Amino acid sequence: MFPKRLKAGYQEFLHGRLEEQKKVYKKLGELGQNPDIMVIACGDSRVAPETIFNANPGEIFTVRNIANIVPPCESASIETSYHGTSAAIEFAVEALKVKHIVIMGHASCGGVAAFANNAAPLTKRNFIGKWMSQIEPIKEKVGPQGEDKAAWIQKMEWAVVEYSMNNLLTFPNVKARVDAGELQIHGAYFGIATGVLFVRNERTGQFEPFQE
């Protein structure tokens, strides 16, 4: 049976937001989407970019995966693997011509915590472990854990954002548009418990609380 929560939510949407924005949805359905911004975020249910940025339909092209990771660009090979996040980046850059790509990490990231704690696999296939293993080089950059494990994990979460930002530039089409001044890459970090958004300072590389 279809979840009751989704039924109730759709009813509210149907008689609320959809009714209020009927012209917007009609236009999007007829003319297609044309967002300027792509956000690559974690699949965590507490960190929905459209909610955090109060976005209207059609404003943000959102891609979510475990721990908001962008893998380095590699040759697509149907025989070996699939490249969901890479395909989304390609679509956003080549088809939608987005002007901004934001990598948004967050506090209390389960993927990073699983990696940091060397958690046991959830399944024999260990999809999460294999996915998170790609950030192994980040540990050397962040340094040893020390006594404050929570602070170390937060540094890891920030470093994953930087890792993904750097990996975006391994995509030739992304780098070409960045070099041409047609595309900007940004880093952000959301504090779930506080609601505070941190934005990465391009000059210092530090994550600073958003200021109006």
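Mentor: The account below begins with the basis of the values, then takes the salt bridges, the paired strands, the loops and the cysteines.

The model is predicted, so local features need pLDDT of at least 70 and side-chain atom pairs count only at pLDDT 80 or more, while totals for chains, interfaces and linings use all residues. Residues are numbered from 1 along each chain as its sequence is written, and side-chain values use heavy atoms, with hydrogens and water left out.

The structure contains eight salt bridges, the term meaning a side-chain nitrogen of Lys or Arg within 4 Å of a carboxyl oxygen of Asp or Glu. One of them joins Glu30 to Lys26, with 2.5 Å between the closest N and O atoms. Both residues belong to helix H3 (residues 22–31); because they are four residues apart there, about one helical turn separates Glu30 from Lys26. Helices (H or I, at least four residues) and strands (E, at least two) are DSSP runs, numbered from the N terminus. Glu30 is exposed, at 55% relative accessible area. On this scale, buried means under 20% relative accessible area, exposed means over 50%, and partly exposed lies in between (1.4 Å probe, protein chains only).

A second salt bridge brings together the side chains of Asp44 and Arg46, at 2.6 Å from N to O.

In helix H8 (residues 136–142), Glu136 and Lys139 lie three residues apart, about one turn of the helix. They form a salt bridge whose closest N and O atoms are 3.4 Å apart. Glu136 is partly exposed at 39% relative accessibility, and Lys139 is partly exposed at 33%. Salt bridges also link Lys141, Glu162 and Arg200 in a network.

The strands come next; two of them pair if DSSP finds at least two bridges between them. Strand E4 (residues 184–190) and strand E5 (residues 197–200) run antiparallel and are joined by three bridges. Tyr189 has Phe198, in E5, as its bridge partner. The hairpin of E4 and E5 has six residues between the strands, and Gly195 takes a positive phi near 80 degrees in it.

On to the next pairing: E5 and strand E6 (residues 207–209) are also antiparallel, with three bridges between them. Here Phe198 stands opposite Pro209 of E6.

Lys97 has a phi near 55 degrees and lies in the loop between helix H5 (84–95) and strand E3 (100–106); Lys97 is partly exposed, at 43% relative accessibility. Asn118 has a phi near 50 degrees and belongs to the loop between helix H6 (110–116) and helix H7 (127–132). At 68% relative accessibility, Asn118 is exposed.

Finally, the cysteines: a search of the whole structure finds zero disulfides, a disulfide being a pair of cysteine sulfur atoms within 2.5 Å. The sulfur of Cys109 has its closest cysteine sulfur in Cys42, 4.3 Å away, which is too far for a bond. Cys109 is buried at 3% relative accessibility, while Cys73 is partly exposed, with a relative accessible area of 32%.
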